[in-house]
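Here are some notes on the model below, arranged as numbered points. Please read them alongside the sequence and the coordinates.

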Amino acid sequence: MKRGPDYVTHAVLILGVLLFALPVWLILAGATQDSDAIARGELSLLPDPSGLGIYARVLFAGAPGSQPVWHMLLVSTGMALAIAVGKIVISVLSAYAVVFFRFPFRQLAFWAIFITLMLPVEVRIIPTYAVMAGFGLINTFTGLWLPLIASATATLLFRQVFTAIPDELVEAARMDGAGPLRFLRDIALPVSAANVAALFVILFVYGWNQYLWPLLVATDPRLDTIVIGIVKLIGVENQTDWGAVMATATLALVPPVIVVLLMQRWFVAGLTEGEK
Amino acid sequence: MATLELQGLRKSFGETEVLRRIDLTLADGEMLVIVGASGCGKSTLLRLVAGLESPTEGRILLDGTDVAARDPAERDIAMVFQNYALYPHMTVFDNMAYGLRIRGLSRDAIRQRVDEAAGLLGLGELLQRKPRQLSGGQRQRVAMGRAIVREPKLFLFDEPLSNLDAKLRVQMRAEIRRLQRRLGVTSLYVTHDQVEAMTLGDRLLVLHNGHPAQLATPIEVFEQPADTYVAGFIGAPAMNFLDATLTESGRAARLAVGPVLRFPDGPRPGPEGRRLTIGIRPEHLALAAQGLPLAVELVEPLGSESLIHGHLQGGVPLVVKHPGHAPGGETVQVALLPEHMHVFDHETGRRLPPIGAETGAPRLVAAGSDQ
Ligand SMILES: Nc1ncnc2c1ncn2[C@@H]1O[C@H](COP(=O)(O)OP(=O)(O)OP(=O)(O)O)[C@@H](O)[C@H]1O
Ligand SMILES: [Mg+2]
């Protein structure tokens, strides 16, 4: 069927893009404007070029009374990476065990993992805090990510991925002499590369957005994540420096965007190279 | 290169018995083809030999040593899977080299073996491609290559050609046979394809519900099927079966549809009136001026010959393979050629050889220990 440009489709798409991009543009532009004007609600769509210095200021010096943004970004990136990698390692290993090995209580183990899906972080936050306190991990970087790396969702996802690997492939590898760890490294993981990449993106963003747990476990300002930093900036209503808040928020977008862009390439490569 | 011996091999999955007592011996370099209907346990048999499943009972001897306790990788057996089971993320070279790397061969040795196998299979140009960049036939060849480079004692093929189109299948069939002869590797080949069953193996094992129905050379299986199951399974179109009774003191059979056929090869044992099943292949029926009237239902022209499907009186179905074009008309006259008929006992379905000729009857697996 031959058709001209589909105006309706394009209009809807453009509207969607605007809807998503406008708030981002607003904080990008807003950061450069006079804080008092913003507080009065006079937000212009055009950035004020003379106010661009705000970005450098928050990045290296930080708003008064808070950590410099680069430090908070570092903490956040470290935490999000640790959470994403930790979750993937743990869920790959547990899904691998559940799918490829026959052992007593296998089903029980699987259902135990499955049921924890129903329990959000908030429910177990008090006992988790107690455990972390027992380990002496309060106010440490390790304490920030360690309790968050168990993931029922990712385990389930990898279980599906591994179940989809044809039996014949597993058997061919067995006949080639690949032991369990070698099979995982040489075949199961490369074949699932696209899923690993996709999950990494999701989990990184999940880790990046953590708020409640870091707030609870780390009171030391040097362990402030970027999310906590932003909230702290807003703290006192009438003297909030909105320019600094917006600049910080804009900078907080950068690492997740980089991760998405980097992984996108991987992700597509994984999709086109893997064939199942 | 090795001999393979299966002794009293049985396999059950829970309550269901999939294989019941398989005994068989493969000579060095022999190729045995296993045929049978879907679900009769062919793949299970291969997987037992490969070590991917463990037998419920019985022994598997490779070169005289029991390999039951060994891992698949330690048995020195290579398997070609129906869906090829190539590693999708590896190049053709790596697919073939993977098993060798795990065995710790040197880089040079690996390269040499892979190059050699690639040359043998005409894969030289394709070594750097990924499986998804290959055609079905090429993938098939890579799967073969992966088995060859291992230089195993035994090849196992599980319907390796069933995913290929007809033309490629013919070509690969010849190629597999050629390769197997040339390399002289003892092989088990599973198929449900008639032609592969007839042409590929030195001997043929027909499995029926996990039972070995017959083990003999393909020609023997075709000419002297051990029972009605084998007779109906081997040969296309399938053999016609007609009910009959023994008559003339065992010298002839009276067909339920009328005529009396004298046995050309001697009398059959049993009382007058013993119930028989007479088998006649479609190609051993001829259109004649006088014979049994066949009500024609369908004519399938195959070019050089025609298949005529119809009913004898009483609704007995019959297929005739007629060289050339079938004559028109609603009924044709069919002559039965007694020299080609097969006689089976009606109750058991077993072949009924002439008196005094039992020794010449097709050997059954349990008795067949020809080495
Ligand atoms: N792991 C298993 N658990 C239970 N039953 C099984 C298992 N594997 C096979 N079977 C059963 O054993 C029987 C034989 O299976 P098998 O795969 O050997 O058949 P096959 O002869 O190879 O058939 P096909 O020609 O369709 O490949 C089937 O009825 C199947 O359902
Ligand atoms: Mg099978």
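**Pockets and interface**

1. About 490 Å³ of space lies in the second largest pocket, where a pocket is an open set of points on a 1 Å grid over the protein atoms alone, fitting a 1.4 Å probe and having protein on both sides within 12 Å along at least five of seven lines, and where lining residues have an atom within 4 Å of a point. Grid points are joined across faces, edges and corners, and the volume is the space filled by probe spheres set on the points.

2. This is a predicted model, in which local features need pLDDT of at least 70 and side-chain atom pairs count only at pLDDT 80 or more, while totals for chains, interfaces and linings use all residues. Residues are numbered from 1 along each chain as its sequence is written, chains are lettered from A and ligands numbered from 1 in the order in which they are written, and side-chain values use heavy atoms, with hydrogens and water left out.

3. The second largest pocket has 23 lining residues, and those nearest its centre are Lys87(A), Ala150(A), Ser151(A), Ala152(A) and Thr153(A). H8(A) provides the largest share of this lining, five residues, with helices being DSSP runs (H or I, at least four residues) and strands likewise (E, at least two), numbered from the N terminus. The lining comprises 16 nonpolar, five polar and two charged residues; Ala, Val, Leu, Ile, Met, Phe, Trp, Tyr, Cys and Pro count as nonpolar, Asp, Glu, Lys and Arg as charged, and the others, Gly among them, as polar.

4. The largest pocket holds about 930 Å³ of space. Its lining numbers 35 residues, with Phe100(A), Arg102(A), Val170(A), Glu171(A) and Arg174(A) the closest to its centre. Among the elements that give two or more residues to this lining are helix H9 (167-176) of chain A and H1 of chain B, and H9(A) gives the most, with six residues. By class, the lining has 18 nonpolar, six polar and eleven charged residues.

5. At the interface, 28 residues of chain B are in contact (heavy atoms within 4.5 Å) with 18 residues of chain A. Two salt bridges are counted between the chains, each defined as a side-chain nitrogen of Lys or Arg within 4 Å of a carboxyl oxygen of Asp or Glu. Glu171(A), already named among the residues closest to the centre of the largest pocket, forms a salt bridge with Arg47(B), the closest N and O atoms being 2.4 Å apart.
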